[in-house]
Amino acid sequence: MQIGNSFLDSIFYKPVAVKTDSVTVDLSAGLQTAEVTDTTHEIAAKFDLRNISPREIDLMAKELRLHDMISDIDVFELLTYGADYLSNQPNSLYSEEMLDTKIDLLGKLEQEIANEKAANNPVEAHKNVLEFIQKMEARARMPVAGIIA
């Protein structure tokens, strides 16, 4: 019996994996979350969701989509309040002045949800957009990182 290096041992040799007890953390996921939060804060700070025009809604939706912060379904729902959608409706009575008129988007969504519930219609699309808009409004009020208020 031979102990030590034999030809067969060298063919099947596999180095021993180093076992560590520490947990490794993927920092890229945290960085992406921080970047998304910063970008969302910047976008939210640009728009007053309680005083926003249909043209501004279009800009906000496009910017959110550009940064992949909102799903396509939610973008389409949000854009139904925007200038492009409203002005291209059949028999549209929206003038240029009306497309620049400010509305309370949060209040409008809440009212539409109440109307849909009263008519026993599904409200999920409106609810999803309302929740997203409420989160954006909350982010707009949060202090910027590094600044102590």
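1. Loop between α3 and α4. Asp68 lies in the loop between α3 and α4. Helices here are DSSP runs of H or I with at least four residues, strands are E runs of at least two, and both are numbered from the N terminus. Phi of Asp68 is near 55°, a positive value in a residue other than glycine. Most residues other than glycine have a negative phi. Asp68 is exposed, at 60% relative accessible area. Exposed means over 50% relative accessible area, buried under 20%, and partly exposed in between, with a 1.4 Å probe and protein chains only.

2. Basis of the model. This is a predicted model, in which local features need pLDDT of at least 70 and side-chain atom pairs count only at pLDDT 80 or more, while totals for chains, interfaces and linings use all residues. Residues are numbered from 1 along each chain as its sequence is written, and side-chain values use heavy atoms, with hydrogens and water left out.

3. Confidence. pLDDT is the predictor's confidence in each residue, from 0 to 100. The protein chain averages 75, and 68% of the residues score at least 70. Over residues 19-34 the pLDDT is below 50, and this stretch has zero contacts in the model beyond near neighbours in sequence. A contact means heavy atoms within 4.5 Å. Where pLDDT is low, the predicted coordinates should not be read in detail.

4. Overall make-up. The protein chain has eight helices and zero strands. Its pattern along the sequence is α-α-α-α-α-α-α-α. Of the 149 residues in the protein chain, 26% are buried. Among contacts with a separation of 6 or more, 68% join residues 24 or more positions apart.

5. Helix α3. This helix covers residues 54-66, which is 13 residues. From first C-alpha to last, α3 reaches 18 Å, close to the 18 Å expected at 1.5 Å a residue. The expected span is 1.5 Å times one less than the number of residues. Pro54, Ile57, Asp58, Met60, Ala61, Glu63 and Leu64 are the buried residues of α3. An α-helix has 3.6 residues a turn, so residues three or four places apart point the same way.

6. α3 against α4. How do these two helices pack? The angle is about 170° and the axes are 9 Å apart. Axes are lines fitted to C-alpha atoms, for helices over the stretch in contact, and angles run from 0 to 180 degrees between N-to-C directions. That makes α3 roughly antiparallel to α4. The cut-offs are under 35 degrees for roughly parallel, over 145 for roughly antiparallel and 65 to 115 for roughly perpendicular, with the rest oblique. From α3 come Ile57, Asp58, Met60, Ala61, Leu64 and Arg65; from α4 come Asp72, Val75, Leu78 and Leu79. By class, this contact has seven nonpolar, no polar and three charged residues. Ala, Val, Leu, Ile, Met, Phe, Trp, Tyr, Cys and Pro count as nonpolar, Asp, Glu, Lys and Arg as charged, and the others, Gly among them, as polar.

7. α4 against α8. Helix α4 (residues 72-79) and helix α8 (residues 124-141) pack at about 90°, with axes 9 Å apart. The two are therefore roughly perpendicular to each other. Asp74, Glu77 and Leu78 of α4 meet Ala125, His126, Asn128, Val129 and Ile133 of α8. The residues of this contact divide into four nonpolar, two polar and two charged.

8. Asp74. This residue of helix α4 counts as buried, at 14% relative accessibility. Setting aside residues up to four places away in sequence, Asp74 touches Asn128 and Val129. The C-alpha atoms of Asp74 and Phe132 are separated by 8.7 Å, though the two are 58 residues apart along the chain.

9. His126. Beyond residues up to four places away in sequence, His126 touches Glu77, Tyr81, Leu109, Glu112, Ile113 and Glu116.

10. Leu106. Leu106 sits in helix α7 and is buried, with a relative accessible area of 0%. Leu106 and Leu130 are 24 residues apart in sequence and 6.7 Å apart in space, C-alpha to C-alpha. Not counting residues up to four places away in sequence, Leu106 touches Leu49, Arg50, Leu130, Ile133, Gln134 and Glu137.

11. Loop between α7 and α8. Asn120 is found in the loop between α7 (105-118) and α8. Its phi is near 60°, a positive value in a residue other than glycine. Asn120 is exposed, with a relative accessible area of 72%.
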